[in-house]
Amino acid sequence: MKRDPLGLLALPGVGYLALVFLAPLLLLLWSSVRGPEGWTLDGYVRLLGDPYYRGVIAASLQLALITTGGALLLGYPAAFALARARGGWQVVLFALIFLPLTVSIIVKSFGWGIVLRRDGILNWALLNLGLIERPVRMIFTEGALYAGMINVFLPFMVLPIFAVVRMLDPRLPDAAATLGASPWFSFRRVTLPLSLPGVVAGVSLVFSLSVAAYVTPSLLMGDRYMTMSMVMAKAFLNLRDWQLGAAMAAVLLAMALAVVVGAAALQRRLGGR
Amino acid sequence: MPFFATRRALLGGTAMLAAPAALRAQTPEIFVGGPASPGLTDILFPIIEKKHGFKILFEGTNSLINLEKIRSNKARPTMTVTMMDDPVLILGEREGLLEPLRGKAIPNLADLRADAKPREAMWANWCFPAASISWQTQNMKAAPTSYAEVWDPKYRDKVILISMRITQAVVPLLAATHLATGKPLGECLKLADEGFGKLRELKPNILQITTNPPQAQQLQESGEVDLYLSPDSRTTLFRKSQKAPVDLAFPKEGTVAMPAGVALVKGGPNQALGETFINELLSPETQALVAGTFFSKPTNTKAVAPAGLNLPDLVVLDWEYFADNRNRWIERFEREISAR
């Protein structure tokens, strides 16, 4: 088989990634199994044998799953609206969904803090609507954390779904209807399967990003909701326990990798249908 | 007309590009690493630069990252002077990263309080910021007079604690230990493990455990919380001076001196300039300026604190003991106090 010389164009990019990503990653994995007295799995034993750290891993997973689920629930219809909108409406929707990406995560997370305060706009609105009698605590609650995380990562769900949905023929539901399919049946058997590649890509992207989130949980919950990234920061910076930090990083990497690889396999299967 | 680059033109261009570097080279420079506090680069350093004719290149970050930079450059140090917390300086000393301060080169050391020259003047404390309870002056009628008030149920969800990963977190731990044992605040550090039970009782009042002091400061100033333990006087009194509705309480049990150290990096460039910098920082005149700018106790006994800055006598802690136990306390704090 003749090789395509165009493939060589990837070399600079691959070389760059190998240098700045792969090499540090290998060093990290090496640190996770290298102790003062040689090779050891002590970092992993301390991590996975400790109920506290297992709880942190579970909390990170829970946060990532809720964020991904919430972003999917909101992002899937948003992607359809975006794909079907025309003219000025599409520009407005695009701006609403993607302009927040230009704002720093730190600014957005601080913004949530202001919105959720006792004298924030949400409490003000609920008070004026007569739904509550006095301001309620919303800040530094798990609900606030989930809302903030979904807000930060929603565009990463919308974009891949939108990319797939905009390629779908808008006459497909009509064609299904002429064959007697109800709107729900048409969505379940025609639209949804065709949009699944976008869903899979969005889910893997949002899960990978949210399971490793550091800034948003730090600002919206602080130490009350420890995530794997926060443990890593503590291990490297405060405890100076590189082995523990590297072991946590390796576990986090394995989880994100499993989702990405699983998603890629699913994509191939869906593409082959 | 086509343009051809002649050798002369190229040399001329190169000389133009090199000119700023050459001009810079005429002014000696030192690289100082320290906290990103307001007042350093805008007030203090320009005065030192003007007086001594050298340039201070400053990088503001937290003490642990500062230490990491010095450690990474141990073979070829780039930093001359470092300004860090004592518990971190202790780690630096143990790794042989610091150069002892010499009284001959830094004569102002002689006038420093004895407790401001730790480890036989391995470094010096350039000021003692005060830490106790920061209180919200619009929500509350009067300052707390005792740490016990922080445990009052009326402050439910109205208290922010600093994470044990930040040195100032020692204050609520000492307060809890004092309340649990009845011992004076100054004796509580070595009994601190006995304070965790009392600190757990504070959990209903804690709105957040913060690793982000500016966010906590903003929440207190906006009235979301009443009590914040414990930003030190550099923050609270500075914000008070800017009309923010916060003030520092002076509880009857005592107010703790936070350690603000300055040290020479071993093998760092321009050591003589580094010594000049430290000597100036410790001089009575600069110490008075430091006290007023950083709302802290001066450490030079000859310095006169500015009028209006009335800090009480501070409790000075054994920071080596703190450094030796900090990691264990961080773990306990996270599991017993921070955890949901």
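## A guided tour of chains A and B

Begin by selecting B:Pro245 in this predicted model: B:Pro245 counts as partly exposed because 16 C-beta neighbours lie inside 10 Å, where a residue would need 20 or more to be buried and 12 or fewer to be exposed. The residue sits in the loop between α9 (233-241) and β10 (246-249) of chain B. To see what surrounds B:Pro245, display B:Gln136, B:Thr137, B:Gln138 and B:Glu221, with which B:Pro245 is in contact once its neighbours within four places in sequence are left aside.

**The domains of chain B**

Next, colour chain B by its domain assignment. Domain 1 comprises 7-129 + 258-309, and domain 2 comprises 133-253 + 318-338. Taken over C-alpha atoms, the centres of domain 1 and domain 2 of chain B are separated by 29 Å. Where the domains of chain B meet, 13 residues of domain 1 are in contact with 12 residues of domain 2.

**Where chain B touches chain A**

Now show both chains. Their contact draws 20 residues from chain B and 19 residues from chain A. On the side of chain B that touches chain A, β8 (206-210) and α12 (319-338) of chain B each supply at least two residues. Select α12(B) in particular: with five residues, α12(B) gives the most to this side. The residues of the side of chain B that touches chain A comprise four nonpolar, 10 polar and six charged.

**Chain A as a whole**

Chain A has 12 helices and two strands, and from the N terminus on its elements run α-β-β-α-α-α-α-α-α-α-α-α-α-α. The C-alpha trace of chain A spans about 75 × 75 × 30 Å along its principal axes. Of the 273 residues of chain A, 32% count as buried. Among the contacts in chain A with a separation of 6 or more, 74% are between residues 24 or more positions apart.

**Helix α7 of chain A and its partners**

Select helix α3 (residues 51-84) and helix α7 (residues 142-165) of chain A. Their axes lie 6 Å apart and the two helices pack at an angle of about 45°; α3(A) and α7(A) are therefore oblique to each other. The crossing of α3(A) and α7(A) is right-handed. In this contact there are 21 nonpolar residues, three polar and no charged.

The crossing of α7(A) and α9(A) is right-handed. For the side chains, display from α7(A) residues including A:Met149, A:Phe153, A:Phe156 and A:Met157, and from α9(A) residues including A:Val199, A:Leu205, A:Val206 and A:Leu209; these are among the residues through which the two helices meet. The contact of α7(A) with α9(A) has 15 nonpolar, four polar and no charged residues.

Note on methods. Residues are numbered from 1 along each chain as its sequence is written. Chains are lettered from A and ligands numbered from 1 in the order in which they are written. This is a predicted model: local features need pLDDT of at least 70, side-chain atom pairs count only at pLDDT 80 or more; totals for chains, interfaces and linings use all residues. Two residues are in contact if their C-beta atoms, placed from the backbone, lie within 7 Å. Helices (H or I, at least four residues) and strands (E, at least two) are DSSP runs, numbered from the N terminus. Ala, Val, Leu, Ile, Met, Phe, Trp, Tyr, Cys and Pro count as nonpolar, Asp, Glu, Lys and Arg as charged, and the others, Gly among them, as polar. Domain bounds come from an automatic or database domain assignment. Axes are lines fitted to C-alpha atoms, for helices over the stretch in contact, and angles run from 0 to 180 degrees between N-to-C directions. Angles under 35 degrees count as roughly parallel, over 145 as roughly antiparallel, 65 to 115 as roughly perpendicular and the rest as oblique. A crossing is left-handed if the near helix is turned anticlockwise from the far one by less than a right angle, and right-handed if clockwise.
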